Amino acid sequence: MTDHEDKDMLAAEYVLGTLDARQRDAVNARRGNEPDLEAAIIAWESRLSPLNTHYEAVAPSANLFANIRSRIDAEGIEIARTVPGIADFAALKRKLAIWRLGALGSAAIAAGLLITVFTSDPVLPVADGKFVAVFHRDDTQPAFVMSVDLDTREVTIRPVEATVPEGKTYQLWIVTDETGPQPQSLGLLENVANPTTKQLGQFDPAMLRKATFGISLEPAGGSPTGLPTGPAIHGHLIPVAH
Amino acid sequence: MTTTRDLENLLKLSFNGDRDAFEQLYHATSAKLFGIVLRILRNRAQSEDALQDIYVRIWQKAGDFESGRASVITWMATIARNRAIDIVRRQRPEADIDEVDVDTLASTDTVFEEVARAGEVRRLEHCLGGLEDDRQQMVKLAYLEGWSRAELAERFAQPVGTIKTWLHRSLRQLKECLGS
């Protein structure tokens, strides 16, 4: 049996659900780093998901959403408390709201780009042009936290739980209306153990504020194509005010 | 009746941080997802805990949804099913196996997406119909009820290795029949 067939059967059994806990954990860890495995999983999900029609709807208890909502509301506070370094650059407000901006260019999505959009929101106080983007991988634990200061036009990416697979590197991308739908590279996150700061002096603050940022996993040395090629981590934004 | 388009809009609004939209999305979809989780976990309290985790995750990952690849409800169902199977693989007591009424598998109740996906559903059912009866039942028990190889081995009185071989053959046959 070829490696390709092995991987396809691994993906098939992962989707079918018959792998044991250890094997599932291994697949969950690998799929973010192996585009072919990820693609095989998605293909099997597509093949087998018509079986979902056999599931009958059952109403859960009526009060459940209140718990979900309070957990969502607590998320930003939790991150502020648990992520080292956050408090150093900005104090998160007690009642900060988390918001995300969607409506990304489909090119960015198709490229597997992590997606974070900055925009203005009249309801939220964004007093001093500081934002935080939180990038989750598969779990609730964030993988990266990025701070953006529009005044100095600096972004700083702090790894939280991110690890770099052998021979790979993380690459930062930006998409703006002005530069078109194709992501532009902002460079590599050379040392994932430490914060990386990038100067974005070539972008004006208004542009940055509406930009889409992404982090993708790429071969060592960066994407060979000039566009994101690897699996992405998706994030969302937290506005920061003092 | 919430349409596919409505769900996409609600998910997009949720990604923008709109909690009320997310609540609407929850009300439109939670019974479906709960049906999945409950069928796999078979415990109401545990399933409600899992359902909360699932919706927090959906909120966090709303930006990952790609329209054109799958419908919103299929994307959400995948998240729910994955979570339920992760839990059950760690926790299911072996004693529960005999309590399942296998006859319920004969149900063709199509509670969601039946209109949009009728063709796909027919195609997969046709291909499942091409498997021997016990293989077909095995695939459905695994996918729908979250049975492990070991549980299938006990139910079908075969060594685990044989079950794995049968599953792989069945899956390859399905893939070929589905033409992809």
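User: Why is the crossing of helix 1 of chain B and helix 2 of chain B called left-handed?

Analyst: A crossing is left-handed if the near helix is turned anticlockwise from the far one by less than a right angle, and right-handed if clockwise. Helix 1 and helix 2 of chain B cross in the left-handed sense. This is a predicted model, where local features need pLDDT of at least 70, side-chain atom pairs count only at pLDDT 80 or more, and totals for chains, interfaces and linings use all residues. Residues are numbered from 1 along each chain as its sequence is written, while chains are lettered from A and ligands numbered from 1 in the order in which they are written.

User: What makes helix 1 and helix 2 of chain B oblique to each other?

Analyst: The angle. They pack at about 140 degrees, with axes 8 Å apart. Axes are lines fitted to C-alpha atoms, for helices over the stretch in contact, and angles run from 0 to 180 degrees between N-to-C directions. Under 35 degrees counts as roughly parallel, over 145 as roughly antiparallel, 65 to 115 as roughly perpendicular, and the rest as oblique. The pair is therefore oblique.

User: Which residues of helix 1 and helix 2 of chain B meet?

Analyst: B:Leu7, B:Leu10, B:Leu11, B:Leu13 and B:Ser14 of helix 1 meet B:Ala21, B:Phe22, B:Gln24, B:Leu25 and B:Ala28 of helix 2. Contact requires C-beta atoms, placed from the backbone, within 7 Å. By class, this helix 1 to helix 2 contact has eight nonpolar, two polar and no charged residues. Ala, Val, Leu, Ile, Met, Phe, Trp, Tyr, Cys and Pro count as nonpolar, Asp, Glu, Lys and Arg as charged, and the others, Gly among them, as polar.

User: Why does B:Thr3 count as exposed?

Analyst: A residue is buried if 20 or more other C-beta atoms lie within 10 Å of its own, exposed if 12 or fewer, and partly exposed in between, with C-beta atoms placed from the backbone. B:Thr3 has 11 such neighbours, so it is exposed. B:Thr3 sits in the segment before helix 1 of chain B. In helix 1 itself, the buried residues include B:Leu7, B:Leu10 and B:Phe15.

User: What makes B:Arg42 partly exposed?

Analyst: Its count is 16 other C-beta atoms within 10 Å, so B:Arg42 is partly exposed. B:Arg42 lies in the loop between helix 2 and helix 3 of chain B. Its phi is near 60 degrees, a positive value in a residue other than glycine.

User: Why is helix 5 of chain B called oblique to helix 8 of chain B?

Analyst: Helix 5 (residues 118-129) and helix 8 (residues 160-178) of chain B pack at about 135 degrees, with axes 9 Å apart. That angle makes helix 5 oblique to helix 8. Their crossing is right-handed. B:Arg123, B:Leu124 and B:Cys127 of helix 5 make the contact with B:Leu174, B:Cys177 and B:Leu178 of helix 8. Five of these residues are nonpolar, none polar and one charged.

User: How many helices and strands does chain B have?

Analyst: Eight helices and zero strands. Helices (H or I, at least four residues) and strands (E, at least two) are DSSP runs, numbered from the N terminus.

Notes: Contact = placed C-beta atoms within 7 Å.
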